[in-house]
Amino acid sequence: MRIVFLGDIVGRSGREVVMQELPALKSKLSIDAVVVNAENASHGFGLSPAIAEELFKAGVDVITLGNHSWDRKDIIPYIRENPKVIRPLNYPPKTPGAGHYIHMLPNSKKLLVINAMGRLFMEPLDDPFRMIDELISKYRFGIDVHAILIDIHAEATSEKAGMAHYFDGRVSMVIGTHTHIPTADYRILPSGTAFQTDAGMCGDYNSVIGMQKEAAIYRFVTKMPGMRLSPAAGVATLCGLIVETDDRTGLAKRISPIRLKGDLDPIMPKWD
């Protein structure tokens with residue numbers, strides 16, 4: 001199975017580069033499933049139902065969220081009715097929506113997508129390690145599901161790395177989101193799990209993590225709230241990665257970053 005994961009979509013420019021580039025990318029790389037983090041897709045804060053529908057129409061299969069899950073109130077009834085949009089698993093039990101989704105491919109293979117949020121420098125949620133442990137214990141590779149993807153939405157690189165090593169050999173891939181900067185540590189861990197500390201963002205990199213520079217710098221320099229943060233609107237980079245898994249073991253065989261357009265050096269995997 002070939003799975004593409006795209007990092008945090010930030011604002012209109014991030015949405016546009018995904019919708020423009022994804023159809024051709026799917027065809028060129030023979031992609032089986034596409035998962036994106038879209039918690040910043042609507043004006044940089046949250047996800048609207050209309051934008052979720054646009055992303056699905058462009059070829060996205062599953063959408064993950066994070067600490068901005070509830071910035072748009074209209075997402076609450078939508079997430080109750082649309083299981084392909086998932087919020088962090090470790091929110092309290094009565095939180096709307098779910099923290100995982102099983103995506104079935106046309107050939108009947110199944111991809112389990114899990115969204116979890118870190119706790120270091122983040123909200124004091126339940127333990128993501130324990131909750132993911134309990135969830136994946138219900139599924140067997142090659143029988144119940146053919147691949148398992150974890151989007152760990154976290155601030156601390158140590159927490160993301162700890163999760164990847166903890167689940168190494170038990171899931172297909174652990175991908176970090178939230179910090180909006182692509183890290184150079186993409187690799188397959190010793191027991192077969194693909195890992196990258198942060199997939200980066202789909203957005204304008206001539207910015208401060210996707211937001212217009214002036215407002216962000218003003219806040220750093222003056223320590224005043226001042227100008228409202230808004231997404232940068234320049235040419236965006238599509239940023240993420242592709243992982244190829246073994247259907248029998250569920251583990252990763254290959255991993256490569258993907259970067260298209262915008263300010264960052266382009267990377268396109270040359271896979272057969």
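Colleague: Let's start with Val18. Which residues does Val18 touch, leaving out those up to four places away in sequence?

Modeller: Keep in mind that this is a predicted model. Val18 touches Leu6, Ile9, Pro23, Leu55, Cys202 and Leu238.

Colleague: And what about the largest nonpolar core, which residues have the most contacts inside it?

Modeller: Val18 is one of them, along with Leu47, Ile63 and Leu238. That core has 37 residues.

Colleague: Which elements give two or more residues to this core?

Modeller: On the helix side there are H1 (11-29), H2 (49-58) and H3 (75-81). The strands are S1 (2-6), S3 (33-37), S13 (238-245) and S14 (252-260). H1 provides the largest share, five residues.

Colleague: What lies apart from it?

Modeller: Another core, of 21 residues. Ala33, Val113, Ile175 and Ala199 are among its members. As background, nonpolar side chains in soluble globular proteins tend to be buried together.

Colleague: OK, back to S3. How many of its residues are buried?

Modeller: Five of its five residues are buried, so S3 is mostly covered. Ala33, Val35 and Asn37 point one way from the strand, while Val34 and Val36 point the other way.

Colleague: Which strands does S3 pair with, S1 and S4, and in what sense?

Modeller: S3 pairs with S1 in the parallel sense over four bridges, and Leu6 has Val36 as its bridge partner in S3. S3 also pairs in the parallel sense with strand S4 (residues 62-64), over three bridges. There, Val35 has Val62 as its bridge partner in S4.

Colleague: What order do the strands of that sheet have?

Modeller: The order is S5-S4-S3-S1-S13-S14, an open sheet of six strands with mixed pairing. Strand S5 (85-86) and S14 stand at the edges with a single partner strand each, so one side of each is left without a neighbour in the sheet.

Colleague: Parallel or antiparallel for S1 and S13?

Modeller: Antiparallel, with five bridges joining S1 to S13. Take Arg2 as an example: its bridge partner in S13 is Glu244.

Colleague: How many bridges join S9 to S11?

Modeller: Three bridges join strand S9 (residues 173-177) to strand S11 (residues 194-196), and the two run parallel. Val174 has Phe195 as its bridge partner in S11.

Colleague: Switching to the outside. Is Phe220 buried or exposed?

Modeller: Phe220 is exposed, with a relative accessible area of 61%. Phe220 is found in helix H6 (residues 213-222). Together with Ile217 and Val221, Phe220 forms a nonpolar patch on the surface, with about 340 Å² of accessible area together.

Colleague: Last one: where does Gly162 lie?

Modeller: Gly162 lies in helix H5 (residues 157-166). Gly162 has 30% relative accessibility, so Gly162 counts as partly exposed.

Colleague: And what separates the C-alpha atoms of Gly162 and Pro77?

Modeller: Those C-alpha atoms are separated by 34 Å, and Gly162 and Pro77 are 85 residues apart along the chain.

Definitions and conventions: Residues numbered from 1 in each chain as written. Predicted model: local features only at pLDDT ≥ 70, side-chain atom pairs only at ≥ 80, totals over all residues. Heavy atoms only, no water. Core = buried A, V, L, I, M, F, W, Y, C linked by side-chain atoms within 4.5 Å. Buried < 20%, exposed > 50% of the residue type's maximum accessible area, 1.4 Å probe, protein only. Contact = heavy atoms within 4.5 Å. Patch = residues over 30% accessible without salt bridge, like charges linked within 9 Å, V, L, I, M, F, W, Y side chains within 5 Å. Areas by Shrake-Rupley, 256 points an atom, 1.4 Å probe, with all protein chains shown as cover. Salt bridge = Lys/Arg side-chain N within 4 Å of Asp/Glu carboxyl O. Pairing = 2+ DSSP bridges.
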